[in-house]
Amino acid sequence: MGTHTQQEPSGTREGTVFRKSVGTYTVHTENEIVQCAISSKLRKHLEYWWGVSQSPGMHKRVKRVHDIREVAPVAIGDRVRFVTPPGDGAEGMIVKVLPRRNAFSRPAAGRKPIEQVIVANVDQV
C-alpha cells in the first residue's frame, strides 16, 4: 500500500507561472511565453493498489482518491513542467508542480482546513 506519483509524459518543458486567470496559467520559459491549463490529475492524489507485479506495462487500479489540501495546486511563481501539442500557438498542459522553496499563503475561506497559496518561490517582499 502506498501512493504513486504519475510519470511525466515525454517532451515536457519547464517554466515559471507568472499570471493566473480563471483556469489559464501563463508560463514563462527561457525562450517564450505559453498559455497553459492544468491537468486534472493535479487536482487530486490517487492511491493505487500495489500488486505482486509492478511491471511497467501493468495497468494500475486506483484504491482511493484523496482531495488536495490547497485551493489551487498551481500558484504564481511556481516552477512547473508542461507539455504542448505540435503546432504554433498551441495551449500547454501543466503536468507537474516542482517543489517550492517557500510560499506566501493563508487559510482558505470556509470550513475545510485547506491552504490558499497566494504566491510561491518569493525572493523579496
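Apart from neighbours within four places in sequence, Ser 39 is in contact with Met 93, Ile 94 and Val 95, contact meaning heavy atoms within 4.5 Å. The model is predicted: local features need pLDDT of at least 70 and side-chain atom pairs count only at pLDDT 80 or more, whereas totals for chains, interfaces and linings use all residues. Residues are numbered from 1 along each chain as its sequence is written, and side-chain values use heavy atoms, with hydrogens and water left out.

**Ser 39**
- Ser 39 lies in the loop between β4 and β5 (44-48); strands are DSSP runs (E, at least two residues), numbered from the N terminus.
- Ser 39 is buried, because its relative accessible area is 13% and buried means under 20% (1.4 Å probe, protein chains only).

**Barrel**
- Five strands close into a barrel in the order β2-β3-β4-β8-β7, with mixed pairing; two strands pair if DSSP finds at least two bridges between them.
- Strands β7 (residues 79-83) and β8 (residues 92-97) pair in the antiparallel sense over four bridges.
- Arg 81 stands opposite Lys 96 in β8.

**Nonpolar core**
- The largest nonpolar core has 12 residues in all, among them Val 27, Val 80, Phe 82 and Ile 94; such a core is a set of buried Ala, Val, Leu, Ile, Met, Phe, Trp, Tyr and Cys residues joined through side-chain atoms within 4.5 Å.
- The largest share of this core, three residues, comes from β4.
- Val 27 touches residues including Val 17, Val 34, Cys 36 and Ile 94, not counting those up to four places away in sequence.

Notes. Buried means under 20% relative accessible area, exposed over 50%, partly exposed in between (1.4 Å probe, protein chains only).
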